[in-house]
Amino acid sequence: APVASTPAPVVSTPAPVASTDAPTKSPTSDNVNGSYEAEDASKLNGVTVKNTKLNFFGSGYVDMGGTGSYIEWDDISDVDGPCKLDFRFAVGSGDDPRSCEVTINGELVEVASFHPTISWDDWEHLEFETLCPPGRNVVRLTVSGSNGGPNIDRLVVSPACTSDGDFCANNSECCSQVCNNDNTCDTSDTFTPAPVAS
């Protein structure tokens, strides 16, 4: 009787597709304590991770979408008490400001207006002070305006400076930038904020 032959299956390997979204500048390493990259956030809703603009940190940045789109970081635990939130952002020159709501654990703490920067390749900082509850916190940035949101590179969370005379552990905790030997902030100095590094 004839022997039926079964041809061996042909395995096709698709050729690699060249990326059209290659970075125009190599990602920059980020050594800032309390820094959270936008592209690595725990939840991204209605936004796009990109790497086509210049001068971003990490592996990319987030291009926020329309009203209701958001970035959420759910592992913020660097600070217990007064804290400063610093968003590194870009908005195209000539564009209208982009409005976003900032919540911590679901509570509204700031309505932020991200103003136009020199260009989409030029990043600036929007920062404000608030209260970070003890333990792990969830920070969400949600577009609230009708003209979309900014590009967000990262969020940095750090302790807010304490008032003169308050308890301190090191100079950076004092608004006066001087922590005395008795662990109180110096009252004789005037605080001059240091420039924020780009």
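**Exercise 1.** In what order do the 5 strands of the open sheet lie, and is the pairing parallel or antiparallel?

*Solution.* The model is predicted: local features need pLDDT of at least 70, side-chain atom pairs count only at pLDDT 80 or more, and totals for chains, interfaces and linings use all residues. Residues are numbered from 1 along each chain as its sequence is written, and side-chain values use heavy atoms, with hydrogens and water left out.

Step 1. Strands are DSSP runs (E, at least two residues), numbered from the N terminus; two of them pair if DSSP finds at least two bridges between them.

Step 2. The order is β2-β5-β10-β7-β8, with antiparallel pairing.

Step 3. β2 (43–45) and β8 (107–114) are the edge strands, each pairing on one side only.

Step 4. From one strand to the next, the twist averages 15°, where axes are lines fitted to C-alpha atoms and angles run from 0 to 180 degrees between N-to-C directions.

**Exercise 2.** Over how many bridges do strands β7 and β10 pair?

*Solution.* Strand β7 (residues 98–104) and strand β10 (residues 137–143) are joined in the antiparallel sense over 5 bridges. Val102 stands opposite Leu141 in β10.

**Exercise 3.** Why is the pair of Tyr61 and Trp123 edge-to-face?

*Solution.* Step 1. Rings of Phe, Tyr and Trp (its six-membered ring) pair if their centres lie within 6.5 Å; planes under 30 degrees apart count as stacked, over 60 as edge-to-face and the rest as tilted. The whole structure holds 5 aromatic pairs by this search.

Step 1. The ring centres of Tyr61 and Trp123 are 5.6 Å apart and the planes stand at 65°, so the pair is edge-to-face.

Step 2. Because Tyr61 belongs to strand β4 (residues 61–63) and Trp123 to the loop between β8 and β9 (124–132), the pair ties together parts that are 62 residues apart in sequence.

Step 3. Tyr61 is buried at 1% relative accessibility, and Trp123 is buried at 8%; buried means under 20% relative accessible area, exposed over 50%, partly exposed in between (1.4 Å probe, protein chains only).

**Exercise 4.** Which residues form one aromatic cluster with Phe87 and Phe114?

*Solution.* Step 1. Phe87 and Phe114 form an edge-to-face pair, 6.3 Å centre to centre with 80° between the planes.

Step 1. This pair links Phe87 in strand β6 (residues 81–90) with Phe114 in strand β8, 27 residues apart.

Step 2. Phe87 is buried at 0% relative accessible area, and Phe114 is buried at 0%.

Step 3. Trp73 and Phe89 form one aromatic cluster with Phe87 and Phe114.

Conventions
Helices (H or I, at least four residues) and strands (E, at least two) are DSSP runs, numbered from the N terminus.
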